[in-house]
Amino acid sequence: MEGADYDELWSDYVPTDILRLISSRLIAGDYFAFLAVCKRWRFESLSSPLPPPIHDSPSSPCLMTLNKETGIIESFHPVYNVITHKMDIPKLKGAQIRSANANWLLVSHGNRGMFFFNPISNNIIELPDLLEDVENHFPSWTFSCSPDSSSSDCFVIGFENFGSPPAIYIIKVGESSWTYHDFYNEDGNKQGSFMLSGCHNPVFFKNNIVWIFGDKGNLGILNIKENSAVETPIWEFYGKYLPRRKRSSIRQSYLVEDADNGGILVE
């Protein structure tokens, strides 16, 4: 439409309710491309966003927060910048979300309680209590797949916040007790030089391999042996320590999983 005035553009004649309906069903890149068409489309979309309900749009990305004092979960849509859903779950009072995967949340309660909660179906899968002599001071948790999956075994792993490398809790869903693994060699010394001092984000990959980024900038990979929680897993370490100046400037490091099951480091 070379030489046309703004008032003559076809985009100016699309009804406002249609614009808002279309924009309410777009996410991520498609939504931002929609905003870039013209000023009017951008203004109408941002002035009154209509995010899709979480249950009607399972593919739409949402973030969740839990108020542990009330047990209320809020679902936040990062594209539309609004809360899309609230749920009051008495079971979650005093609880803490530890990890999320495949519509399931891994939740801890008190010093020893652990369970899965599905905010879509409200289903709960209980896990055995943690060992009495090793309570839950493990800040980093992950699990391999949906705990109700029939196609593969679901492992749950927690990483201790000290040790080099850190000790772990592990269980295969369906087992009656947790296994605690500490990593000493025959001389009584810790293996490797890898430390976690805070809450990190372990990523579970295929073939029962877990990646986690250490405080000093190196990568730790935990290999689960023989599809068993009882067999002692094997640690492997990659990369050099980051320079001290670089480490001091990083407040927190995370690993995230992309769609192709590859890791991406976020500092």
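Is Ser99 buried or exposed? In this predicted model, Ser99 is buried, with a relative accessible area of 12%.

**Close-up 1. Aromatic cluster containing Phe138, Trp141, Tyr169, Trp178 and Tyr180.** The structure holds 11 aromatic pairs. In one of them, the ring centres of Phe138 and Tyr169 are 4.9 Å apart and the planes are at 35°, so the pair is tilted. This pair links distant parts of the chain: Phe138 is in the loop between β7 (124–126) and β8 (140–143), Tyr169 is in strand β10 (residues 166–172), and 31 residues separate them. Both Phe138 and Tyr169 are buried. Tyr169 also forms an edge-to-face pair with Tyr180, at 5.8 Å centre to centre and 70° between the planes. Because Tyr169 lies in strand β10 and Tyr180 in strand β11 (residues 179–181), this pair ties together parts 11 residues apart in sequence. The relative accessible area is 0% for Tyr169, which is buried, and 27% for Tyr180, which is partly exposed.

**Close-up 2. Lys91 with Phe115 and Glu126.** Lys91 is positioned over the face of Phe115, 4.7 Å from the ring centre. Lys91 also forms a salt bridge with Glu126, in which the closest N and O atoms are 2.7 Å apart. With a relative accessible area of 33%, Lys91 is partly exposed.

**Close-up 3. Salt bridge between Lys86 and Glu74.** The structure holds 3 salt bridges. In the one formed by Lys86 and Glu74, the closest N and O atoms are 3.4 Å apart. The pair links distant parts of the chain, with Lys86 in strand β3 (residues 82–88) and Glu74 in strand β2 (residues 72–77), 12 residues apart. Lys86 is exposed at 54% relative accessibility, whereas Glu74 is partly exposed at 23%.

**Close-up 4. Salt bridge between Asp153 and Lys172.** The side chains of Asp153 and Lys172 meet at an N to O distance of 3.7 Å. Asp153 is in the loop between β8 and β9 (155–163) and Lys172 is in strand β10, so that distant parts of the chain, 19 residues apart, are linked. Asp153 is partly exposed, with a relative accessible area of 38%, whereas Lys172 is buried, with 17%.

Key. Residues are numbered from 1 along each chain as its sequence is written. This is a predicted model: local features need pLDDT of at least 70, side-chain atom pairs count only at pLDDT 80 or more; totals for chains, interfaces and linings use all residues. Side-chain values use heavy atoms; hydrogens and water are left out. Buried means under 20% relative accessible area, exposed over 50%, partly exposed in between (1.4 Å probe, protein chains only). Rings of Phe, Tyr and Trp (its six-membered ring) pair if their centres lie within 6.5 Å; planes under 30 degrees apart count as stacked, over 60 as edge-to-face and the rest as tilted. Helices (H or I, at least four residues) and strands (E, at least two) are DSSP runs, numbered from the N terminus. A charge sits over a ring if NZ of Lys or CZ of Arg is within 6 Å of the ring centre and within 35 degrees of the ring normal. A salt bridge is a side-chain nitrogen of Lys or Arg within 4 Å of a carboxyl oxygen of Asp or Glu.
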